[in-house]
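Colleague: I am new to reading protein models. Could you walk me through the features one by one?

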Amino acid sequence: MRFEFIADEHVKVKTFLKKHQVSKGLLAKVKFSGGQILVNGIEQNAIYLLDIGDKVTIDIPSEEGYEALEAIDRDLEILYEDDHFLVLNKPAGVASIPSSLHSNTIANFVKGYYVRNQYENQLVHIVTRLDKDTSGIMLFAKHGYAHARLDKQLQAKTIQKHYFALVKGKGELASKGDIIAPIARDEDSIITRKVAKGGKYAHTSYQVVQSFGDIHLVDIQLHTGRTHQIRVHFSHIGFPLLGDDLYGGSLEDGILRQALHCHSLAFYHPFWEEELRIESSLPDDFSQVLKQLSNI
């Protein structure tokens, strides 16, 4: 895959490319795995001294997929795709990555999609993942350089994700608010988390979209990415997610998985140099619960 830049400084190639998130590792791959660096169409090395206005071209070799990740042929609901990124709508009940408990995962299906379409790069790069029973938007980078560019945005917390959740509790839920409470591991479980002093800083913002008595549809934005953050925070304030029995959620309101759906994702496209926003409509189980609540 080829990328081109115009030098704006009198510096070495490697120094200039570092500004464009081309890492030492990627340069090594270019050098030793079949890539090349060109300056004004002539092959050069990473320490070549650039003049302002030089055209720098890097050819990055293709990536073979991990043999250990089985390619499984399944239909995918693709929300967006270009040469650099793939955005999917993940159904509930499907894990993001393989583990000792899960083998038919979104990562397997994406590998199958790449193989089926004979893509040059077949390594699966997950940028944003979701819990098994959370539905909605997942973002994949289609090559390592794209992944590196988005890693910078993840570190800077400029990738915005919004979730819909159905929550239920006693008392009044403010129409909007911020939940800022540290999250730590639960000493009594290898799975669950809890709000606790000494935990990691965690910040969740929300706004109520609709209310049906003690059940509310809320739009949530994460400012940090702690494990089970939304589930823990809403349980902490007395409004656990429907279907989330792990954190005290009701199993009697028509949904039997944590009622959490990633419905919006926004990030800066580093190659098109523009903001990209992807939306996902409510899943069927959410819609059915809301329809029932509206008819009561």
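Predicted model: local features only at pLDDT ≥ 70, side-chain atom pairs only at ≥ 80, totals over all residues.

Colleague: Let's start with the whole chain. How many helices and strands are there in the protein chain?

Modeller: The protein chain has six helices and 16 strands. Its C-alpha trace spans about 70 × 40 × 40 Å along the principal axes. Of the 296 residues, 49% are buried. The accessible surface comes to about 15400 Å², and carbon and sulfur atoms account for 48% of that.

Colleague: What share of the contacts with a separation of 6 or more is between residues 24 or more positions apart?

Modeller: That share is 65%.

Colleague: Which residues does UniProt list as a domain?

Modeller: An unreviewed UniProt entry lists residues 84–236 as "domain: Pseudouridine synthase RsuA/RluA-like". In the model, this stretch is 20% helix and 36% strand, with its end C-alpha atoms 39 Å apart.

Colleague: Now strands. How should I think about the side chains along one?

Modeller: In a regular strand, side chains alternate between the two faces of the sheet. For a case here, take strand S9, residues 160–168.

Colleague: Why is S9 described as largely enclosed by the rest of the structure?

Modeller: Because seven of its nine residues are buried. Then look at what S9 pairs with. Strand S15, residues 260–269, runs antiparallel to S9 and is joined to it by six bridges. Strand S14, residues 215–222, also pairs with S9 in the antiparallel sense, over seven bridges.

Colleague: Next, salt bridges. What is the general idea?

Modeller: Side chains of opposite charge can pair when their charged atoms come close. A search of the whole structure finds twelve salt bridges. One of them joins Glu-63 and Lys-29, with the closest N and O atoms 3.5 Å apart. Glu-63 is in the loop between strands S4 and S5 while Lys-29 is in helix H2, so the pair ties together parts that are 34 residues apart in sequence.

Colleague: Are Glu-63 and Lys-29 buried or exposed, or in between?

Modeller: Glu-63 has 9% relative accessibility, so it counts as buried, the cut-off being under 20%. Lys-29 is partly exposed, at 24%.

Colleague: Which residue forms a salt bridge with Lys-168?

Modeller: That is Asp-253, and the closest N and O atoms are 3.0 Å apart. This pair links distant parts of the chain, 85 residues apart: Lys-168 is in strand S9, and Asp-253 is in the loop between helix H5 and S15. Asp-253 is buried, with a relative accessible area of 18%, and Lys-168 is partly exposed at 24%.

Colleague: And where does Asp-285 find its partner?

Modeller: Its side chain meets that of Arg-257 in a salt bridge, 2.9 Å from N to O. Asp-285 lies in helix H6 and Arg-257 in the loop between H5 and S15, so parts 28 residues apart in sequence are tied together. Arg-257 is buried, at 9% relative accessible area. Salt bridges can also share partners: Asp-8, Glu-9 and Lys-19 are joined into one network that way.

Colleague: Which residue does UniProt list for "active site"?

Modeller: The unreviewed entry lists Asp-131. In the model, Asp-131 is in the loop between strands S7 and S8, and it is partly exposed, at 34% relative accessibility. Leaving aside neighbours within four places in sequence, Asp-131 contacts Lys-90, His-228, Arg-231 and Gln-258.

Colleague: How would I read a residue in a helix the same way?

Modeller: Take His-147, which is in helix H4. His-147 is buried, with a relative accessible area of 17%. Beyond its neighbours within four places in sequence, it is in contact with His-125, Ile-126, Val-127 and Ala-141.

Colleague: Finally, which residues form a nonpolar patch on the surface?

Modeller: Ile-190, Ile-191 and Leu-246 do, with about 320 Å² of accessible area together. Ile-190 is in the loop between strands S11 and S12, and it is exposed, with a relative accessible area of 77%.

Definitions and conventions:
Residues numbered from 1 in each chain as written. Heavy atoms only, no water. UniProt positions renumbered as here; feature names shortened; annotations may be inferred. Helix = DSSP H or I, 4+ residues; strand = E, 2+ residues; numbered from the N terminus. Buried < 20%, exposed > 50% of the residue type's maximum accessible area, 1.4 Å probe, protein only. Contact = heavy atoms within 4.5 Å. Patch = residues over 30% accessible without salt bridge, like charges linked within 9 Å, V, L, I, M, F, W, Y side chains within 5 Å. Areas by Shrake-Rupley, 256 points an atom, 1.4 Å probe, with all protein chains shown as cover. Salt bridge = Lys/Arg side-chain N within 4 Å of Asp/Glu carboxyl O. Pairing = 2+ DSSP bridges.
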